Amino acid sequence: MDHNRSQVAAEIGVSSSELRALSRVAEAGRITPKMLAESLEMTTGAVTAISSHLVALDMLTRVPHPHDRRSLLLELTPAAQATAAKFQNEFQVLFAHAARNVTPEDQTRLGLLLTSMAVIIASGSEDGPAGPTT
């Protein structure tokens with residue numbers, strides 16, 4: 001995944017942090033810079049620099065917040081939406097090709113396993129190891 005992200009970032013001319021920001025904005029649809037900073041575990045200053053660069057690249061736009069005159073929202077531009085859709089489609093084709101010989105039964109088992117793992121990770125469960133042991 002890291003290699004894929006690096007390749008996508010290089011292809012569209014952004015840093016990996018900028019690509020992460022674009023991904024978060026795409027997931028949210030619209031997001032405040034403060035919420036984006038929290039999501040990326042960055043300072044608001046870092047997000048301001050990233051968003052300014054992405055605005056200059058015509059990948060993000062700043063729009064007024066509908067309920068807070070002191071705030072704004074970040075959203076993808078149509079060009080960035082098209083780029084995101086292109087990469088999502090390419091990833092789905094690549095994934096389908098990789099899984100072409102997996103039986104429906106194995107797909108179901110794998111789906112259940114991945115869902116179970118995602119739930120454990122998302123819950124922040126401390127029942128398992130925190131990382132690799134030495």
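Let me begin with a term: a residue is called buried when its relative accessible area is under 20%, exposed when that area is over 50%, and partly exposed in between, with a 1.4 Å probe and only protein chains considered. By that rule Asp-68 is partly exposed, because its relative accessible area is 24%, while Arg-70 counts as exposed at 79% relative accessibility.

Please keep in mind that this is a predicted model, in which local features need pLDDT of at least 70 and side-chain atom pairs count only at pLDDT 80 or more, whereas totals for chains, interfaces and linings use all residues. Residues are numbered from 1 along each chain as its sequence is written, and side-chain values use heavy atoms, with hydrogens and water left out.

Asp-68 and Arg-70 form a salt bridge, with their closest N and O atoms 3.4 Å apart; the term requires a side-chain nitrogen of Lys or Arg within 4 Å of a carboxyl oxygen of Asp or Glu. The whole structure holds five salt bridges.

Another of them joins Lys-86 to Glu-90, where the closest N and O atoms are 3.3 Å apart. Both residues lie in helix α5, four residues apart, which is about one turn of the helix; helices here are DSSP runs (H or I, at least four residues), numbered from the N terminus. Lys-86 counts as partly exposed at 37% relative accessibility, and Glu-90 is partly exposed too, with a relative accessible area of 40%.

In helix α6, Asp-106 and Arg-109 meet through their side chains in a salt bridge of 2.3 Å, N to O, and these two residues are separated by about one helical turn because they are three residues apart in that helix. Salt bridges that share partners also join Glu-11, Lys-86 and Glu-90 into one network.

Finally, Leu-110 has its place in helix α6, residues 104-123, and counts as partly exposed at 41% relative accessibility.
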